[in-house]
Amino acid sequence: MLENKKKKADLFLSLLFFCEEEALEKISMDVLLNQYDTLLFDAYGVLVNANEALQGARELIEKLNRINKSYYILSNGSSRSPESTALSYQKKGLQIPSERVINSGSLVPKWINQQKIVSDKVYILGPESCHFMLEGTQCKPCSKGSDDFDLLIIGNQDGYPFVETIDHVISSLFTIFSKKGSIPLLLPNPDLIYPKNQGVGITGGMVAKMIESALQLRFPNESISFFNLGKPYSEIFVEAKRRSGEEASLIMIGDQLYTDVRGANNAGIDSVLIGTGLTKIADLDEYPLQDVPTFTMECL
């Protein structure tokens, strides 16, 4: 009996080692183009940074357009529409049409309609550019100073006086939850941080953590959390599969394990960790197996 258990343990460790070795296999863009029907790209850290296109990105996008290869940019951004997002890429020299952009904000109207939410009191944290998320719904945004709302959406971490606005929103939620119970809380962009030219910056996901923590302190017996639409959650990958065709083979190329790689892995999509962004390939052994990519790539 003990000998059989030892054999099983040895076999498990051998398979685990094999999987880790396979997951760290390097792959080239040419192989990806031949092996997969649709390529999915994260934007920041893969194709662009805050100021410009990354090395090799312009040539790659030109090639994809020229050979009519299926590809999509999967962005957790929710402060701009796909049209505005595509324009920002084009200004950096990447001729990416808006129909190739799937950002988490563009998933909001479908979610609102599925939830059958009709309200003219939707509080959107973020600049006015976030209001595109209500297009195609029967909802309207309320003013930033409103203390009564039916839905809270975190559109972005800026575009408002941060401390004062967060204080106001949390205080309002305490009152709303006490008087009429919970309301829907929606987080299109679950990212916690993003790479900047110097260091990192916080995103809407970090703002949501603050609000959730405050609500849990005030209502300890309630299970309160935001509903997430972007990577690593399923909705954005479901939309990519829908546009590509259910039978298409997809691969996700990203720079973050928690969002890009984990999301793809959970969706049954192969993944590539590229070494030009937030997560460094050399640090992979510090992360759990669920976040190990199928392949690695140093750069485009």
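1. Ile153 stands opposite Leu186 in β7. Strand β7 (residues 185–187) runs parallel to β6, and two bridges join them. Helices (H or I, at least four residues) and strands (E, at least two) are DSSP runs, numbered from the N terminus; two strands count as paired if DSSP finds at least two bridges between them.

2. On the basis of this note: the model is predicted, so local features need pLDDT of at least 70 and side-chain atom pairs count only at pLDDT 80 or more, while totals for chains, interfaces and linings use all residues. Residues are numbered from 1 along each chain as its sequence is written, and side-chain values use heavy atoms, with hydrogens and water left out.

3. β6 belongs to an open sheet of five strands in the order β5-β4-β6-β7-β10, with parallel pairing. Its edge strands are β5 (139–141) and β10 (227–228), each of which pairs on one side only. β4 (residues 119–125) pairs with β6 in the parallel sense over four bridges, and Ile124 stands opposite Ile153 in β6. β4 also runs parallel to β5, joined by two bridges; here Val122 is opposite Pro141 in β5.

4. Strand β6 (residues 151–154) is covered on both faces: Leu151 and Ile153 on one side, and Leu152 and Ile154 on the other, are all buried. Buried means under 20% relative accessible area, exposed over 50%, and partly exposed in between (1.4 Å probe, protein chains only).

5. Helix α6 (residues 162–180) lies across β4, β6 and β7 and runs at about 140° to β4. Helix α7 (residues 204–218) packs on the sheet and touches β4, β6 and β7, its direction making about 140° with that of β6. Contact means heavy atoms within 4.5 Å; axes are lines fitted to C-alpha atoms, for helices over the stretch in contact, and angles run from 0 to 180 degrees between N-to-C directions.

6. A second open sheet has six strands in the order β3-β2-β1-β11-β12-β13, with parallel pairing. β3 (101–103) and β13 (295–297) are at the edges with a single partner strand each, so one side of each has no neighbour in the sheet. From one strand to the next the twist averages 25°. Within this sheet, β11 (residues 250–254) and β12 (residues 270–274) run parallel and are joined by four bridges; Ile253 is placed opposite Val272 in β12.

7. Helix α8 (residues 234–244) lies across β1 (38–41), β2 (70–75), β3 and β11, at about 165° to β2. Helix α9 (residues 257–266) lies across β11 and β12, at about 160° to β12.

8. Tyr36 is in the loop between α2 (29–35) and β1. Its relative accessibility is 6%, so Tyr36 counts as buried. Leaving out residues up to four places away in sequence, Tyr36 touches Lys69, Ser249, Leu250, Ile251, Asp270 and Phe295. Tyr36 and Lys69 are 33 residues apart along the chain, with their C-alpha atoms separated by 9.9 Å.

9. The largest pocket has a volume of about 570 Å³. Of its 28 lining residues, Tyr44, Ser75, Gly77, Asn189 and Tyr194 are the closest to its centre. A pocket is an open set of points on a 1 Å grid over the protein atoms alone, where a 1.4 Å probe fits, with protein on both sides within 12 Å along at least five of seven lines; lining residues have an atom within 4 Å of a point. Grid points are joined across faces, edges and corners, and a volume is the space filled by probe spheres set on the points.

10. α4 (82–91), β8 (193–195) and α9 each supply at least two residues of the lining of the largest pocket. By class, the lining holds six nonpolar, 15 polar and seven charged residues. Ala, Val, Leu, Ile, Met, Phe, Trp, Tyr, Cys and Pro count as nonpolar, Asp, Glu, Lys and Arg as charged, and the others, Gly among them, as polar.

11. Some backbone points deserve a check. The peptide bond from Lys231 to Pro232 is cis, with omega near 10°; Pro232 is in the loop between β10 and α8. Asn68, in the loop between α3 (57–66) and β2, has a positive phi near 60° and is not a glycine; at 63% relative accessibility Asn68 counts as exposed. Lys116, in the loop between α5 (108–114) and β4, has a positive phi of about 55° and is not a glycine either; at 74% relative accessibility Lys116 counts as exposed.
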